[in-house]
Amino acid sequence: MRYFLKLSYNGEKFHGWQSQPNAVGVQQKIEEALSIVTRLPISIVGAGRTDAGVHAREMYAHFDLPECIKDRGKLILSLNRLVGRDIAIDDIVHVPDDAHARFDAIERTYKYFVTFHKSPFVYPFSWHSPTLLDIDKMNEAAFILTETSDFTSFAKLHSDAKTNICDVRYARWEKVDKSDMVMPGLFDEGIVFNISADRFLRNMVRAVVGTLVEVGKGKISVEQFKDIIAKKDRCSAGVSMPAEALFLWSVKYPYL
């Protein structure tokens, strides 16, 4: 029997999603909790691999059990007691046996939060810009991403990706809306970058944001941004932005 876990996590204390020999990943904590509760060696497959420090408002992972879950609510409660306060198991859904959390995802959305007002309450979930950014110019440049297929200029060097081709369907900066607030009532002076695609490369969103911020500061033009993409050279793009402001916001499946 195959099940999907719907979960969220604060990535601050984790070395990314993936389990690693010398660091704690979100995957490891969930696998340990599942194995304790079920008394079986359980492994999970996530919808993607977030980098160290990146958060997830919505993540999915699949796992298998030899029989049906008799009390789903009890299992969720037990897992939440074991995974710690930085991870939340939101739901467990029975899916077809061939369903795959990574390969069946048809769209992923990330958000990157920028605040212009320094605050000790929101810094773990946003990047503080001491100066205002030209959101109109950044959106001119961001639109180019939807007409781009090869994202080599924003890909992590020496990664194991077989292709740098991605289908970016939406990319836009917006003023922070109340529905998007990470901390309502506190984070109320800033902007958020929204980007949706069928897949993302490692470090891609943070590199894209870093380059768009250069446009917003007036350090590079929209035309230069276009040239950076055409060069297919990571060294020509901007810096990778801090991880704490980045959220995996949602993952879409054809059957959920």
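The dialogue below takes helix pairs, then pockets.

Q: What kind of model is this, and how are residues numbered?

A: This is a predicted model, in which local features need pLDDT of at least 70, side-chain atom pairs count only at pLDDT 80 or more, and totals for chains, interfaces and linings use all residues. Residues are numbered from 1 along each chain as its sequence is written, and side-chain values use heavy atoms, with hydrogens and water left out.

Q: At what angle do α1 and α2 cross?

A: Start with the terms. Helices (H or I, at least four residues) and strands (E, at least two) are DSSP runs, numbered from the N terminus. Axes are lines fitted to C-alpha atoms, for helices over the stretch in contact, and angles run from 0 to 180 degrees between N-to-C directions. Here, α1 (residues 26–38) and α2 (residues 72–83) cross at roughly 130 degrees, and their axes come within 9 Å.

Q: Which residues make the contact between α1 and α2?

A: Contact means heavy atoms within 4.5 Å. From α1 come K29, I30, A33, L34, I36 and V37; from α2 come L75, S78, L79, L82 and V83. By class, nine are nonpolar, one is polar and one is charged. Nonpolar covers Ala, Val, Leu, Ile, Met, Phe, Trp, Tyr, Cys and Pro; charged covers Asp, Glu, Lys and Arg; the others, Gly among them, are polar.

Q: How do α4 and α5 pack?

A: The angle between α4 and α5 (residues 222–231) is about 155 degrees, with the axes 9 Å apart. The two helices are therefore roughly antiparallel to each other. T211, L212 and V215 in α4 meet V222, F225 and I228 in α5. Five of these contact residues are nonpolar, one is polar and none is charged.

Q: What lines the largest pocket?

A: On a 1 Å grid over the protein atoms alone, a pocket is an open set of points where a 1.4 Å probe fits, with protein on both sides within 12 Å along at least five of seven lines; lining residues have an atom within 4 Å of a point. The largest pocket has 31 lining residues, and A47, G48, R49, R102 and F200 lie nearest its centre. α4 gives the most to this lining, three residues. The lining splits into 14 nonpolar, eight polar and nine charged residues.

Q: Which element gives the largest share of the second largest pocket's lining?

A: That is α2, with three residues.

Terms used: Parallel < 35°, antiparallel > 145°, perpendicular 65-115°, else oblique.
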